[in-house]
Amino acid sequence: IRNDGKLTLACSFALNNNFVYPTLVSITSLVDNAGKNIFYNIYILVSPDFTEENKNIIMTTENKYKEHCKIYIINMENKFIGLDTNNRTPTASYYRLDLHNLLPNVDRIVYMDGDVGVFQDLSDLITLDMKGNYILGFLDSSLPNHIEKYNIKNAIVLCAGVLLMDLSALRKNNITEKFNKFFEKYLGDIYQHDQTTINVVCQGKIGILPPKYGLWNYKFFRQLNVHSEYQIPYVT
């Protein structure tokens, strides 16, 4: 709780020079829908070539919404260089895997891709029961069996675009070492890059966000709808 009585929630985005304006829209949607009693500390993880012009563009949001947010831009330098990427998944996509190290004094954070729209206040996520999981997210559209080649069966497969992350639990359980071992073993064969890394390494400690925060895959959500806490009355 801040001195002004507002609750604080940490949020993060990651990007390079090619995704500035979509991310700006996403950040704006976040703070524009902030409740009166919420303040967002927003950590923007950027590639080493991120321009000063683009930094200034991002900071316009803080200037406009300073009562509800503080923006920190973090240069990721050469972190994760050399890992599997493609035209849709740049190195910046891996940056979320280092939040627990980058922010040692932050225990919980909401990570969002720059194409996410926020239409409600997120203050409930500050105290949401994560039930011992490291990460909560939305079910992905990928078939769970695509990660069986990593010796994982009956998997929950999350989309990495929106994640509620318990950074303190990730630190306590040496997740960096586990990520690095995964990279060493499967370099060149990491199917969905950072997303596969999360789903394999954290399997058994990942769960589903309540549907009030959004749905990525209706079909698989319906299949998993045997758990009462996730049941919804109608799915199309």
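Which residue lies over the face of Phe-80? Lys-79 does, at 5.6 Å from the ring centre; a charge counts as over a ring if NZ of Lys or CZ of Arg is within 6 Å of the ring centre and within 35 degrees of the ring normal. Lys-70 is placed over the face of Tyr-72, at 6.0 Å from the ring centre.

The model described here is predicted: local features need pLDDT of at least 70, side-chain atom pairs count only at pLDDT 80 or more, and totals for chains, interfaces and linings use all residues. Residues are numbered from 1 along each chain as its sequence is written, and side-chain values use heavy atoms, with hydrogens and water left out.

**Aromatic rings**

Rings of Phe, Tyr and Trp (its six-membered ring) pair if their centres lie within 6.5 Å; planes under 30 degrees apart count as stacked, over 60 as edge-to-face and the rest as tilted. The count by this rule is eight aromatic pairs. Two stacked pairs are set out below.

| Pair | Centre to centre | Angle between planes |
|---|---|---|
| Tyr-43 and Tyr-72 | 5.0 Å | 15 degrees |
| Phe-80 and Tyr-94 | 6.0 Å | 20 degrees |

Tyr-43 belongs to strand S2 and Tyr-72 to strand S3 (residues 69-75), so the pair links parts of the chain 29 residues apart. Helices (H or I, at least four residues) and strands (E, at least two) are DSSP runs, numbered from the N terminus. Tyr-43 is buried at a relative accessible area of 12%, whereas Tyr-72 is partly exposed at 34%; buried means under 20% relative accessible area, exposed over 50%, and partly exposed in between (1.4 Å probe, protein chains only).

Phe-80 and Tyr-94 both lie in the loop between S3 and helix H3 (99-102), so their pair ties together parts that are 14 residues apart in sequence. Phe-80 is buried, with a relative accessible area of 13%, and Tyr-94 is buried at 0%. Ring pairs join Phe-80 and Tyr-94 with Tyr-150, Phe-182, Phe-183 and Tyr-186 in a cluster.

**Nonpolar cores**

A nonpolar core is a set of buried Ala, Val, Leu, Ile, Met, Phe, Trp, Tyr and Cys residues joined through side-chain atoms within 4.5 Å. The largest one has 42 residues, and Ile-109, Ile-135, Met-165 and Phe-183 have the most contacts inside it. Helix H5 supplies the largest share of this core, five residues. Apart from it lies another core of 35 residues, including Leu-24, Val-31, Ile-57 and Tyr-213.

**Helix H6**

All nine residues of helix H6 (residues 193-201) are buried, so this helix is largely enclosed by the rest of the structure. Its buried residues pack against strand S5 (135-139), strand S6 (158-166), helix H5 (175-186) and strand S7 (206-208). Contact means heavy atoms within 4.5 Å. Neighbours within four places in sequence aside, Ile-135 is in contact with residues including Leu-158, Met-165, Ile-198 and Ile-206.

**The largest pocket**

The largest pocket has a volume of about 1,200 Å³. On a 1 Å grid over the protein atoms alone, a pocket is an open set of points where a 1.4 Å probe fits, with protein on both sides within 12 Å along at least five of seven lines; lining residues have an atom within 4 Å of a point. Grid points are joined across faces, edges and corners, and a volume is the space filled by probe spheres set on the points. The lining has 46 residues, of which Asp-113, Asp-115, Cys-159, Ala-160 and Gly-161 lie nearest the centre. S6 gives the most to this lining, with five residues.
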